[in-house]
Amino acid sequence: MKSATSSAPRLSPAIPLIIGMVAISFAPILVRFSDAPVSVQGMYRMLFTILVMLPFGAKQAGAARRISGKDWLLLGLAGFFLALHFLLWMASLTYTSIASSTIILSLEPVLVMIGAYFAFKERSSRRALLGMLLAILGVVTVGSGDSGGSGDALLGDLLSFLGTLAIVANMLIAKRLMSRIPSYLYSLIAFAITFLCFALYNLATGTPMFDYPAREWLLFVLLAVVPTVLGHMIFNWLLQHVKATTISMTVLAEPVGASILGIFLFGEYLGAAQLAGGACVIVGLILYMRSEQNGAAQETPEALAG
């Protein structure tokens, strides 16, 4: 009997996987190119993503009517934490390097493991724990290297770490909700709530939302199309054809790809601490992912990071 992931699509999964990995690497690059406030960037990234998703969401109306009041509250929290993630992580790119920010963001699966232990009593193997410790050591190494620079770099590292904690909270809520709500509907509602959070934040802070040149509007659209539609939505589709752990390994692509792009586009060369810390994070994540692949399969929520 064939498994759910053994029925390959006509197109080799390797091709969309590579496209997705390249696409997510452009998220920090596009954020850095934009001169608009990060709250505006995040708001329009969500809006244009929703507009792409809406035509395919008409069949979800019946499922939406069956969502309980408690689950609507949880959806509100999921959208809030996703907005907080974008606000903090995108702001981090103003203060620290692309490499440091994305290396810290790649801690997400390890922090999810820790959160799942406390929230759902999920236990992990010794190899996974070793990978977690190596990844955390790598992030500390990156931070120690930035401490030799300006205080802004450390502030950026802290913002990236807090943004990673926010996406972990979002994913843990998603894990609970997706046992009752279709993943596509969850994503559509969560993105809509995230958009509303950004809109309210911009209104409360008096941040201009409309008076931007054509270049900025192009960047807003690219943020939705490239890292979101061509990145995360492709990964969601691939979950039907390849193992979830394979998709999870793409978390390694963003810091590597973004750091290479940062060198060529912004001249952000990596220091010794960033190279050593980044390598440590990647080795730790590989150990963690491999151990999870050998253990029981776990459901992967369709959350958006980066």
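Predicted model: local features only at pLDDT ≥ 70, side-chain atom pairs only at ≥ 80, totals over all residues.

I looked up arginine 215 to begin with: at 42% relative accessibility, arginine 215 counts as partly exposed (buried is under 20% relative accessible area, exposed is over 50%, partly exposed is in between, with a 1.4 Å probe and protein chains only). Its salt-bridge partner is glutamate 216, with 3.0 Å from N to O. My cut-off for a salt bridge is a side-chain nitrogen of Lys or Arg within 4 Å of a carboxyl oxygen of Asp or Glu. Glutamate 216 is buried, at a relative accessible area of 3%. I then found that Asp35 joins Arg215 and Glu216 in a network of salt bridges.

Residues are numbered from 1 along each chain as its sequence is written, and side-chain values use heavy atoms, with hydrogens and water left out.

**Other salt bridges**

How many salt bridges does the rule give? I get 4 salt bridges.

I went to glutamate 268 and arginine 32 next, which form a salt bridge with their closest N and O atoms 2.5 Å apart. Glutamate 268 sits in the loop between helix H13 (253–266) and helix H14 (272–294), and arginine 32 sits in helix H2, so the pair ties together parts that are 236 residues apart in sequence. For the helix labels, I go by DSSP runs (H or I, at least four residues), numbered from the N terminus. Buried or exposed, I asked of glutamate 268? Glutamate 268 is buried, with a relative accessible area of 18%. Arginine 32, at 22% relative accessibility, counts as partly exposed.

Then I checked arginine 180 and aspartate 71, whose side chains meet in a salt bridge at 2.8 Å, N to O. Arginine 180 is in the loop between helix H9 (151–177) and H10, and aspartate 71 is in helix H5, so this pair ties together parts that are 109 residues apart in sequence. Aspartate 71 counts as buried, at 6% relative accessibility. Arginine 180 counts as partly exposed, at 46%.

I turned to helix H3 (residues 38–53), which has 16 residues. From first C-alpha to last, H3 reaches 22 Å, close to the 22 Å expected at 1.5 Å a residue (the expected span is 1.5 Å times one less than the number of residues). H3 is mostly covered, with 12 of its 16 residues buried. Among the buried ones I noted Val38, Gly42, Met46, Ile50 and Met53. What covers the buried residues of H3? The cover includes helix H2 (27–33), helix H5 (69–95), helix H10 (183–205) and helix H11 (214–238).

Tyrosine 44 counts as buried, at 4% relative accessibility. Not counting residues up to four places away in sequence, tyrosine 44 touches Met209, Phe210, Trp217 and Phe220; contact means heavy atoms within 4.5 Å. I also checked phenylalanine 198: its C-alpha atom is separated by 9.0 Å from that of tyrosine 44, and the two residues are 154 apart along the chain.

I looked at how H5 and H10 pack: the angle is about 60°, and the axes are 8 Å apart. Axes here are lines fitted to C-alpha atoms, for helices over the stretch in contact, and angles run from 0 to 180 degrees between N-to-C directions. That makes H5 oblique to H10 (under 35 degrees is roughly parallel, over 145 roughly antiparallel, 65 to 115 roughly perpendicular, and the rest oblique). On the H5 side the contact includes Trp72, Gly76, Gly79 and Phe86, and on the H10 side it includes Tyr186, Ala190, Thr194 and Phe198.

Helix H1 (residues 14–25) and H13 also pack at about 60°, with axes 8 Å apart. I noted Met21, Ile24 and Ser25 of H1 in that contact, with Ala253, Glu254, Gly257, Ala258 and Leu261 of H13.

**Serine 92**

My last stop was serine 92 in helix H5. At 0% relative accessibility, serine 92 counts as buried. Leaving aside neighbours within four places in sequence, serine 92 is in contact with Ser101, Gly156, Leu159 and Ser160.

Notes
Helix = DSSP H or I, 4+ residues; strand = E, 2+ residues; numbered from the N terminus.
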